[in-house]
Amino acid sequence: MRNPNLRLNDLVSRGRKGREESKLMNVKVPAHVLARIDRVASNLGATKTEVVIAILNEGLDTAESELRGWTPPPKPVVPKERRCTVKGCDRERVAKGLCATHYQAQRRARAA
Ligand SMILES: [Zn+2]
């Protein structure tokens, strides 16, 4: 791989840097996305790999800047009288005093 820090502008200006370590990432891509990558690569005279890396870098920069300071919303707290009776489990009970996970586990254990 020529340049893992590639940006779309690099492809336009053909600015390239040295080689760096790369790893194979096997990803299924929808056919229409692949066709668009093909078109962009062809228009820029770049390889599909270069276009994918450039787009990933652009997208990651955007994601990181948009997620700066973001924290996941707090999990809703289930009142004690509605919690699963299994020790250490704070999910809501759905059947026989158990949450869905522990109820299913109990059913599987009985079926076996
Ligand atoms: Zn549970």
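The C-alpha centres of domain 1 and domain 2 lie 46 Å apart. Domain 1 covers residues 8–67 and domain 2 covers residues 80–111, with bounds that come from an automatic or database domain assignment. The model is a predicted one, in which local features need pLDDT of at least 70, side-chain atom pairs count only at pLDDT 80 or more, and totals for chains, interfaces and linings use all residues. Residues are numbered from 1 along each chain as its sequence is written.

As for the overall form, the chain holds four helices and zero strands, in the order α-α-α-α along the sequence. Its radius of gyration is 25 Å, well over the 13 Å that the globule rule gives for 112 residues, so the chain is more spread out than a compact globule. Here the radius is taken over C-alpha atoms, and the rule is 2.2 Å times the number of residues to the power 0.38. Along the principal axes, the C-alpha atoms fill a box of roughly 65 × 40 × 30 Å. Helices (H or I, at least four residues) and strands (E, at least two) are DSSP runs, numbered from the N terminus.

Of the 112 residues, 10% count as buried, meaning that 20 or more other C-beta atoms, placed from the backbone, lie within 10 Å of the residue's own; exposed residues have 12 or fewer, and partly exposed ones fall in between. Contacts are pairs whose C-beta atoms, placed from the backbone, lie within 7 Å. Among contacts with a separation of 6 or more, 28% join residues 24 or more positions apart.

Within α3, E50, V51, V52, I53 and A54 are buried. Just after the helix, G69 takes a positive phi of about 80 degrees.

The largest nonpolar core is made up of seven residues: L6, L11, A46, V51, V52, I53 and A54. Helix α3 gives the most to this core, with four residues. Such a core is a set of buried Ala, Val, Leu, Ile, Met, Phe, Trp, Tyr and Cys residues joined through C-beta atoms within 7 Å. Leaving aside residues up to four places away in sequence, V51 touches L11, I37, V40, A41, L44 and A46.

Helix α1 (residues 8–13) includes D10. D10 is buried because 20 other C-beta atoms lie within 10 Å. The C-alpha atoms of D10 and E50 are separated by 9.6 Å, although these residues are 40 residues apart along the chain.

Notes:
Contact = placed C-beta atoms within 7 Å.
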